[in-house]
Amino acid sequence: MAWRFFSFLSKTLNPNRNPSSSTSPFSTSFLVTKTPKKFKKKRKPKPSPRTTPVQTEPNRIPQFERILHRDALLRFVTRSKQFLSAQPEHVLRLDDAGKLHRELGFPRGRKVSRFLLRHPLLFQTYRHSDGKTWLGFTDLMEDLLAEERSLMDQLELDRVEKVRKLLMMSARNRIPLSKIHHCRTLFGIPDDFRDRVSKYPNFFNIVVENDGRRVLELVNWDPLLAVSALEKEFVVDEDSAKRKFRFPVKYGKDLDLELDDSRKLNLLNALPLVSPYSDGCKIDVWTLEAEKYRVGVIHEFLSLTLEKRASIHHLVVFKEEFSLTKHTYQMLRKQPRAFYLAGTEMNWGVFLKDSYDGNGVLIEKDPQVVFNEKLYKYAQVDQMEPGCDDGVEEPHLS
């Protein structure tokens, strides 16, 4: 009887209530049911190889990191210089330039005009008689290009020697011409090197494969060139060369070696490295000998570059020719005395540490490197400064 009384009382106090509804008689629409964004805890982004630095803070060398940062800032200058130089009259319609973000080296979705304004001494725009705006080089840039072409002619024999050494290191002494052209700026090879090859029939031979790919082959083996930079260093300072690399030997605990004995055992396996000019295809891929060979190949490869450094993209290009594996990154990390890896885990560069002084400056500079540094100075200023070297003020990267 009690439940009937309370049911009758509820209907009397709230006659409009729908008996089939299970909702509360009190509205809660005015209450905040979600946590405002400003009070939510921000989740830390998951670590990604695209953003994770290769080096931890205590091991970072700022001088090398700044070099990669400079390359990123000047990517538009270097790529636009290459692309425009290959165009008729060195000009390009501005409308077309806005679609060539990869070729000109600026981020997709950005306006190319913003990057042109950053380098007024090198690039200019003008309105043609057709009513369209065109992009081209300034007179100063044209003079610099003429100077670079003259420099390339003077250094042609040196570049030919570099290509010969690359062929002698590669499998079967042959490399596709497209790969050499792709990495030409790394070694200072001129853009028209494919046309200059015909001048040296005693050194090179071009073979056209079934797929139409042109491959550069070595004609004659030169034993005088088959001497690596490491071997030359070993003759001058044997102790320094031995301390540069580490290849720890795995041994059982039952040997009970003391620290000095284990160091001596590891030192026996450090040198001599397998010559990069030996046939790497005949070495078992996962042996210590093969790892020594690959370390030697990368060391010699970097010693042939202009700035004694390269990026992961350059190494990947020659992966087949130099018998490199997917563990190249981990292999280089194990040799911190010889190599320094900068950048992020996905986009890293490797430096030959002994080729730089304490300030991160190359000890020996190729004439092309000196020219590039002058070009970079012009790229980072707005106007000519009288009374300064080369008519331009020394810039500072921010």
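In the predicted model, three strands form an open sheet in the order β7-β9-β8, and their pairing is antiparallel. Neighbouring strands are turned by 20° against each other on average, when direction is ignored. Strand β8 is joined to β9 (residues 348–352) by five bridges, and the two strands run antiparallel. Within this pair, A342 has G349 of β9 as its bridge partner. Helix α2 (residues 62–73) packs on the sheet and touches β7, β8 and β9. The direction of α2 makes about 45° with that of β8.

An open sheet of three strands is also found in the order β4-β6-β5, again with antiparallel pairing. Strands of a sheet pair through backbone hydrogen bonds, in either a parallel or an antiparallel manner. The edge strands here are β4 (174–176) and β5, and each pairs on one side only. From one strand to the next, the twist averages 30°. Strand β4 pairs with β6 in the antiparallel sense over three bridges, and P176 stands opposite V215 in β6. On the other pairing, β5 (residues 204–208) and β6 are antiparallel over five bridges. One of the residue pairs involved is F204 with L218, the latter lying in β6. The hairpin of β5 and β6 has five residues between the strands, and G212 takes a positive phi near 90° there.

Most residues other than glycine have a negative phi. R172, however, has a positive phi near 60°, and N173 likewise has a positive phi, of about 55°, although it is not a glycine. The relative accessible area of R172 is 67%, and this residue is therefore exposed, since the cut-off for exposure is over 50%. N173 has a relative accessible area of 23% and is therefore partly exposed, as this value falls between the limits of 20% and 50%.

Two packed helices are described by the angle between their axes and the distance between the axes. For α8 (residues 156–169) and α15 (residues 288–304), the axes come within 11 Å and cross at roughly 170°. The two helices are therefore roughly antiparallel to each other, because angles over 145 degrees are classed in this way. In this contact, K162, K165, L166 and M169 of α8 meet Y293, V297, E300, F301 and L304 of α15. By class, the contact comprises six nonpolar, no polar and three charged residues.

A further helix pair is formed by α7 (residues 139–154) and α18 (residues 367–379), whose axes come within 11 Å and cross at roughly 175°. This crossing angle makes α7 roughly antiparallel to α18. From α7, the residues L140, M141, L144, E147, E148, L151 and M152 take part, and they meet P367, Q368, F371, K374, L375 and Y378 of α18. The contact of α7 with α18 has nine nonpolar, one polar and three charged residues.

E300, listed above in the contact of α15 with α8, is also in contact with S228. S228 is placed in the loop between β6 (214–218) and α12 (229–236). Its relative accessibility is 4%, so S228 counts as buried, the limit being under 20%. With neighbours within four places in sequence left aside, S228 is in contact with P276, Y277 and E300.

These local features belong to a chain with 18 helices and nine strands. Of its 398 residues, 40% count as buried. Among the contacts in the chain with a separation of 6 or more, 63% are accounted for by residues 24 or more positions apart. The accessible surface of the chain comes to about 25,300 Å², and 52% of this area belongs to carbon and sulfur atoms.

Definitions and conventions: Residues are numbered from 1 along each chain as its sequence is written. This is a predicted model: local features need pLDDT of at least 70, side-chain atom pairs count only at pLDDT 80 or more; totals for chains, interfaces and linings use all residues. Side-chain values use heavy atoms; hydrogens and water are left out. Helices (H or I, at least four residues) and strands (E, at least two) are DSSP runs, numbered from the N terminus. Buried means under 20% relative accessible area, exposed over 50%, partly exposed in between (1.4 Å probe, protein chains only). Contact means heavy atoms within 4.5 Å. Accessible areas come from the Shrake-Rupley method with a 1.4 Å probe; for residues, only the protein chains shown count as cover. Two strands pair if DSSP finds at least two bridges between them. Axes are lines fitted to C-alpha atoms, for helices over the stretch in contact, and angles run from 0 to 180 degrees between N-to-C directions. Angles under 35 degrees count as roughly parallel, over 145 as roughly antiparallel, 65 to 115 as roughly perpendicular and the rest as oblique. Ala, Val, Leu, Ile, Met, Phe, Trp, Tyr, Cys and Pro count as nonpolar, Asp, Glu, Lys and Arg as charged, and the others, Gly among them, as polar.
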